[in-house]
Amino acid sequence: MIRLPNLRTTFPTAAVACLIWLAMLALVQAQQREPRTEPDASRGPASAHRRGTPTDEMGTFVSKILWSTEQVWEAKFREAGKRYEKPILVLYGGLTPSACGMGAAVMGPFYCPTDRKIYLDTSFFDELTRRYRAPGNFAQAYVIAHEVGHHVQALLGIEKRVSDAQSNTTERDANQLNVRLELQADCLAGIWASWLRQLPGVMEPGDIEAALRATQALGDDIIQKQTTGTVVLDSFTHGSGDQRARWFKRGLDTGRLQQCDTFGAPEL
Ligand SMILES: [Zn+2]
């Protein structure tokens, strides 16, 4: 059970940014493409009623986790001489408009690079426990940190380069690029966990295991087996459970951006 101090965080926090992460710039070829939605870590059905306002327990929890990600990424960007622009996190139920189109709880949490907002239907947290058998609030925190990872990718120009490249390639190759993007977001979430682990009295035994269970459970292979009974590698968009756990752990173990180069990795 993760414990974080009480905050007076305004909700949502807003920001815009533009930063280039030099180490990642040569990863993919730049080509023009329409903005797209980033349906994410979860793809299971979620209940449609509204839950989780900033004043309730879930809203407070989400605010705290978002705050913790801001501490990590502000520090990392500062080290690079840049300024981290905070994302907006939108809690919603059922349906929500976004600059990437209509978001639905059934899509699970997603990040929209166009408006730089994270969309989270907190009923997904129930899904994590019940359907994906990944209970614990650190598993939930990982999901938020993963979406923030996509925001970091947007700030660094990585998301744009990937979506540009995807617009001019086969579906199979576009899926593979997406897998690398997703695994990198897992690695970035691992960097967040690495930072948190250094704080005294915040994390408790079992927290890391809870996050790893979530990364495993949200792997394409596990979800495909559950939903269709078969596994189709070419259709993977997020990576296998083992891959997701591996990249999360790499970020966790190293705490270094340079270790999250999924695009340059010969093996995932
Ligand atoms: Zn993702």
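Reader: Which residues touch the most other members in the largest nonpolar core?
Author: This is a predicted model. The general idea is that, in soluble globular proteins, nonpolar side chains tend to be buried together. Here the largest nonpolar core has 62 residues, of which Tyr-142, Trp-192, Ala-211 and Ala-214 touch the most other members. Helix α5 gives the largest share of this core, 13 residues.

Reader: With which residues is Ala-214 in contact, leaving aside its neighbours within four places in sequence?
Author: Apart from those neighbours, Ala-214 is in contact with Leu-128, Ala-134, Ala-139, Tyr-142 and Val-143.

Reader: How many helices and strands does the chain have?
Author: The chain has 8 helices and 6 strands. Along the sequence they follow the pattern β-α-β-β-β-β-β-α-α-α-α-α-α-α. The chain has 268 residues, and 46% of them count as buried. Among contacts with a separation of 6 or more, 78% join residues 24 or more positions apart.

Reader: At what angle do α3 and α5 pack?
Author: Two packed helices are described by the angle between their axes and the distance between the axes. Helix α3, residues 137-155, packs against helix α5, residues 171-197, at an angle of about 115 degrees, and their axes are 8 Å apart. Angles of 65 to 115 degrees count as roughly perpendicular, and α3 is therefore described as roughly perpendicular to α5. The crossing of α3 past α5 is right-handed.

Reader: Which residues of α3 and α5 meet?
Author: From α3 come Tyr-142, Ala-145, His-146, Gly-149, His-150, Val-152 and Gln-153. They meet Leu-181, Gln-184, Ala-185, Asp-186, Leu-188, Ala-189, Trp-192 and Ala-193 of α5. By class, this contact of α3 with α5 has 9 nonpolar, 5 polar and 1 charged residues.

Reader: How do the axes of α1 and α5 cross?
Author: The axes of helix α1, residues 57-79, and α5 cross at roughly 95 degrees and come within 10 Å. The two helices, α1 and α5, are therefore roughly perpendicular to each other. Ser-68, Thr-69 and Val-72 of α1 make the contact with Ile-191, Trp-192, Trp-195 and Leu-196 of α5. By class, the contact of α1 with α5 has 5 nonpolar, 2 polar and no charged residues.

Reader: Why does Trp-73 count as buried?
Author: The test is a count of neighbours: a residue is buried if 20 or more other C-beta atoms lie within 10 Å of its own. Trp-73 is buried because 24 other C-beta atoms lie within 10 Å. This residue, Trp-73, lies in helix α1. Leaving aside neighbours within four places in sequence, Trp-73 is in contact with Tyr-84 and Val-152. Trp-73 and Gly-149 are 76 residues apart in sequence, and their C-alpha atoms are 9.4 Å apart in space.

Reader: Is Arg-133 buried or partly exposed?
Author: Arg-133 counts as partly exposed, because there are 13 C-beta neighbours inside 10 Å. Arg-133 is in the loop between α2 and α3. The phi angle of Arg-133 is near 55 degrees, a positive value in a residue other than glycine.

Reader: Where is Arg-116 placed?
Author: Arg-116 is in the loop between β5 (110-112) and β6. Phi of Arg-116 is also near 55 degrees, a positive value in a residue other than glycine. Arg-116 counts as buried, because 20 C-beta neighbours lie inside 10 Å.

Technical notes: Residues numbered from 1 in each chain as written. Predicted model: local features only at pLDDT ≥ 70, side-chain atom pairs only at ≥ 80, totals over all residues. Axes fitted to C-alpha atoms, helices over the stretch in contact; angles between N-to-C directions. Helix = DSSP H or I, 4+ residues; strand = E, 2+ residues; numbered from the N terminus. Parallel < 35°, antiparallel > 145°, perpendicular 65-115°, else oblique. Left-handed = near helix turned anticlockwise from the far one by under 90°. Contact = placed C-beta atoms within 7 Å. Nonpolar A, V, L, I, M, F, W, Y, C, P; charged D, E, K, R; others polar. Core = buried A, V, L, I, M, F, W, Y, C linked by C-beta atoms within 7 Å. Buried ≥ 20, exposed ≤ 12 C-beta atoms within 10 Å, placed from the backbone.
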